Amino acid sequence: MQDPILDPLNNKQREAVLHTEGALLVLAGAGSGKTRVITYRFAYLLREKDVKPFNILSVTFTNKAALEMKTRISNLVGYDLSNAWIRTFHSTGLMILRQNAELISYPRDFIVYDELDSKALLSSILKDLNYSKEKFSPQLLLEKISSLKDENISPERFQSMISSNFEEVVYKVYDEYEKRLIKSKAVDFSDLIILPAKLLNENLRVLERYQNLWQYIMIDEFQDTNTSQYELIKLLVNENRNICVVGDDDQSIYGWRGANINNIYDFKDRYDAKIIALEQNYRSTPVILEAANSVVVNIFGRMPKKLWTENKYGKKIKIYEASTEKDEARWVVEKIDNLLGEYDYKDIAIFYRTNAQSRIFEEELLFRNIKYKVFGGQKFYARKEIKDVLAYIKFVVNPDDWASFERIIDIPKRGVGEATLTKIRALYDDGFSLLDIISSAENLERINRNAVKSLFELSEIIKDLNKNKESLSPANFVKILIEAIDYENYLLNNEENGKERWENVEELINSIKIYESGKKNPTIVEYINDITLQTSADEIGDESERNYVSLMTIHNAKGLEFPVVFVVGVVEGLLPHSSSRMSEGEINEERRLFYVAITRAKEELFISYSKNRMNYGEVIECFPSSFIRDIPESCMEWEKKAFSMRKLSTEFPTKDNNYLEGKKVENFDEILVGMKISHNAFGVGTVTFVSKNFYKVNFENYGVQIISKNNFSGIRILS
DNA sequence: TAATCCTTTCTTTTT
DNA sequence: GAAAGGATTA
């Protein structure tokens, strides 16, 4: 008897699918059919257990993964599941908030701030609190504040933990940030998780409603959950504990965003979960697996596991040491050129550590006329003109939103400069509504006539559109908006590359139309929030149309697989990245990142690096990543003999062996040009350059290296 | 207030 | 080397 759901599974996978009642932890190694287990388990619940689709909550991290899961399950069960709860963490949180907005005293139409909105808000707070932007960058503060929020630490609680001047500032900014978010009726990304948890904690009846609704819960990539996400999940699990989480500690690469690997261990104990380990790999060749395993095998505290495969041996990993970045790019693209024919464009991917690395490969691909697509990087939605339009939409939807107001008020030019803005701010702080202020701007001191007139016109436009936000389709809404403010003319006459920018706006409208076509009754409110939660990883289009070589960061590559993979720029300073060189934990996360990159490859893997690279417009010397050293020689085939490899493999210092006597650095401002220092990885060198965030050191054995200032535990001053 | 030039800073990774 | 910010001037 054929069973379309159970037959294609191996024993372990089947065991996981059949275990539907009670908690389950699936430890799924790379390429072990994790997605398959989740989709088949979903289908099994529907078919055999008669569970209704809406009684299952499935949570993933990216929209792309959610969409793909939806499609795969729909195909498996043969009917449409577009209304099933298959969502990201953040969109689940958004939905809970939206459905219960009144319980946290927000209007139903509150809006979501993306990272750029949050940074803009922080930068205006810094200005108002008179803190210099140099010392306290919005970027850094946002990181601190987000990680506090992700750890469920409120400003009040943080206040009692302050132990430095810097933290004092963080506290003040954090406190103000929260207040202004509330005043603007806005939530940030972290709020999408912590506010629902708060709401459910305080309203037991609402909590029960969700607990009853979601009889079965599944979480993908569980190793990436942070504290607040786990808290939310704990609330949602009802007394039946039908929760299945799937994860792999070796693929934990979001520690920097608060992901807490302990959640896996805690889960096991808290719910007395059954554990099933999937170790058979269906994706890669044994050579690739062996190399991957050797990179992570020595990580302390790792859950021991060994992936195995029935796949045949395959080709060795090709490694190339280039003399320049250009040389490296040329080698990679030449290889790709040769592979085309045997492989399709869509079979090939280039992975790098940082977005900025893509450019030189793009140039070379362009030169050879090879179709490619870069994922991530300068995102479409981060473009100025797009942000302007989105800010307009946000402001129309929610005219209390200060950050959006500040952005749009003088676009197009209305003669509102800093002076006028400060006056408006004061009134806003006194409780006047922004719309009231601008519709009677003549009350502002020393404002010119034209400004008063154009502000009044703006207020009318906003009011009018706000009234129609439910009835207009998103695309029409935006068209009317853009026409009303004459944005096209503004771009064409006032902005550099105005034509290109206008084309981007037109593309935005097109994308809104596409968005509309997939929805029943789309509204602009829904659209603006969906788009805020959209990310670069989501762009990865559907399989059939992928007629290009894919370029992306390793982080973006997670969850994907390609027959041919190039991992480029594998040098000390990039992988591991210079900002994570100081602690064992950070280095290990970089290690796992390399592991993730390697395990994406199905058939052929190429690794390359260059001995020099451009940094801030200056050439610096590079050394092969110490991670390469971990791969057994028998797995590799050097395309070009790496002379520097020998040196590094014998001399690369381990964690503690290179400390010399000297003064421990306790504050990064202690490091000055000309000092002789010792570094726990590079040994002794002389400081040649110091800036706000990093400094450069000319090391005796490793040449000029960039050292990040954000961690100084391994540095000693010698003289 | 707006436009232009010059200086400074910047590079992790992202929901 | 690019992009963003700041200072300078009209």
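## Strand pairing and helix packing

Valine 567 has isoleucine 607 of β14 as its opposite residue. The model in which this pair is found is a predicted one. Strands β13 and β14 are paired in the parallel sense, with five bridges between them. On β13, valine 564 is the bridge partner of isoleucine 348, and β10 and β13, which run parallel, are joined by four bridges. Of the six residues of β13, five are buried, so this strand is largely enclosed by the rest of the structure.

These strands belong to an open sheet of seven strands with parallel pairing, arranged in the order β11-β12-β10-β13-β14-β9-β17.

Attention now turns to strand β1. All five of the five residues of β1 (residues 24–28) are buried, so the strand is largely enclosed by the rest of the structure. In regular strands, side chains alternate between the two faces of the sheet. In β1, Leu24, Val26 and Ala28 point one way, while Leu25 and Leu27 point the other way. Strand β1 pairs in the parallel sense both with β8 (residues 274–278), over five bridges, and with β7 (residues 243–247), over four bridges. Alanine 28 stands opposite leucine 278 in β8, and leucine 27 stands opposite glycine 247 in β7.

The description of two packed helices rests on the angle between their axes and the distance between the axes. Two such pairs are listed below.

| Helix pair | Angle between axes | Axis distance |
|---|---|---|
| α2 (residues 34–48) and α3 (residues 63–77) | roughly 45 degrees | within 9 Å |
| α22 (residues 487–494) and α23 (residues 498–517) | about 150 degrees | 7 Å |

The axes of α2 and α3 cross at roughly 45 degrees, which makes α2 oblique to α3. The crossing of α2 past α3 is right-handed. On the α2 side, the contact is made by Ile38, Thr39, Phe42, Ala43, Leu46 and Arg47, and on the α3 side by Met69, Arg72, Ile73, Leu76 and Val77. The residues of this contact between α2 and α3 comprise eight nonpolar, one polar and two charged.

For α22 and α23, the angle is about 150 degrees, and α22 is therefore roughly antiparallel to α23. Here Tyr487, Glu488, Leu491, Leu492 and Asn493 of α22 meet Gly498, Lys499, Arg501, Trp502 and Val505 of α23. The contact of α22 with α23 divides into five nonpolar, two polar and three charged residues.

How values were computed. Residues numbered from 1 in each chain as written. Chains lettered and ligands numbered in written order. Predicted model: local features only at pLDDT ≥ 70, side-chain atom pairs only at ≥ 80, totals over all residues. Axes fitted to C-alpha atoms, helices over the stretch in contact; angles between N-to-C directions. Helix = DSSP H or I, 4+ residues; strand = E, 2+ residues; numbered from the N terminus. Parallel < 35°, antiparallel > 145°, perpendicular 65-115°, else oblique. Left-handed = near helix turned anticlockwise from the far one by under 90°. Contact = placed C-beta atoms within 7 Å. Nonpolar A, V, L, I, M, F, W, Y, C, P; charged D, E, K, R; others polar. Pairing = 2+ DSSP bridges. Buried ≥ 20, exposed ≤ 12 C-beta atoms within 10 Å, placed from the backbone.
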